[in-house]
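Hello,

Here is the structure we talked about passing on. Please open it first, then read the notes below it.

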Amino acid sequence: MTDPIADYLTRLRNAIKANHRVVEIPASNLKKEITKILFEQGYILNYKFIEGENPAGIIKIALKYDPVDKVNAIKELKRVSRPGLRQYTGYKEMPRVLNGLGIAILSTSQGVMTNKKAKDLHIGGEVLCYVY
């Protein structure tokens with residue numbers, strides 16, 4: 001697999017379109033950090049890291065749906081930086097996703113974080129994906 005982050009986002013997208021409650025994804029440290037950010041920002045209901053079959057383990061993610069409308073909290077997941085075309089940004093040119101309503105997840109020298117936190121810390125990095 002050449003792009004594990006794109007695979008992670010695609011598995012989430014497919015589970016949302018199929019109205020699944022839980023999705024299992026092969027784990028890595030970067031995927032675990034992205035999952036934590038999605039949970040902290042309120043895009044997923046819960047998550048669990050399971051050590052097991054493969055060396056890194058599995059991430060079980062409980063997707064968040066509105067109880068009345070049955071609409072998912074995640075409207076779109078978009079991969080920005082790809083292995084063939086890396087997208088970097090400085091803190092002054094930090095992207096605004098959906099005019100501030102969404103988030104961009106960045107990989108920085110201080111770890112994986114949202115665009116808002118990176119801007120507050122005055123650090124830039126590689127833009128992994130947009131979530132809204």
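**Salt bridges**

Glu-126 and Arg-86 are joined by a salt bridge, with 3.0 Å between the closest N and O atoms. Glu-126 belongs to strand β8 (residues 125-131), while Arg-86 sits in the loop between β4 (77-79) and β5 (88-89), so this pair ties together parts that are 40 residues apart in sequence. Please keep in mind that the model is predicted.

Are the two partners buried or exposed? Glu-126 is buried, at a relative accessible area of 13%. That value counts as buried because the cut-off is under 20%. Arg-86 is partly exposed, at 40%.

How many salt bridges does the structure hold? There are six. In general, side chains of opposite charge can pair when their charged atoms come close. Two further examples follow, each within a helix.

In helix α1 (residues 4-17), Arg-11 and Asp-7 are four residues apart, which means that about one helical turn separates them. They form a salt bridge, and their closest N and O atoms are 3.1 Å apart. Arg-11 is partly exposed, with 32% relative accessibility.

Helix α2 (residues 29-40) holds both Lys-36 and Glu-33. These residues are three apart, about one turn of the helix. Their side chains meet in a salt bridge of 3.5 Å, N to O. Lys-36 has a relative accessible area of 29% and is partly exposed. Glu-33 is partly exposed too, at 32%.

**Aromatic rings**

Now the rings. A pair of aromatic rings is described by the distance of the centres and the angle of the planes. The count comes to two aromatic pairs. Phe-39 and Tyr-47 make an edge-to-face pair, 5.3 Å centre to centre, with 75° between the planes. Tyr-47 also pairs with Phe-49: the ring centres are 5.1 Å apart and the planes stand at 45°, so this pair is tilted.

Which residues make up the aromatic cluster? Phe-39, Tyr-47 and Phe-49 form one cluster. Phe-39 is partly exposed, at a relative accessible area of 35%. Tyr-47 is partly exposed at 25%. Phe-49 is partly exposed at 28%.

**A charge over a ring**

What sits over the ring of Phe-49? The charged end of Lys-32 does, 5.4 Å from the ring centre. Phe-49 thus has two contacts to look at: the tilted pair with Tyr-47 and the charged end of Lys-32 over its ring.

Then turn to the cluster of Phe-39, Tyr-47 and Phe-49.

Best wishes

How values were computed: Residues numbered from 1 in each chain as written. Predicted model: local features only at pLDDT ≥ 70, side-chain atom pairs only at ≥ 80, totals over all residues. Heavy atoms only, no water. Phe/Tyr/Trp six-rings, centres within 6.5 Å; stacked < 30°, edge-to-face > 60°. Buried < 20%, exposed > 50% of the residue type's maximum accessible area, 1.4 Å probe, protein only. Lys NZ or Arg CZ within 6 Å of the ring centre and 35° of its normal. Salt bridge = Lys/Arg side-chain N within 4 Å of Asp/Glu carboxyl O. Helix = DSSP H or I, 4+ residues; strand = E, 2+ residues; numbered from the N terminus.
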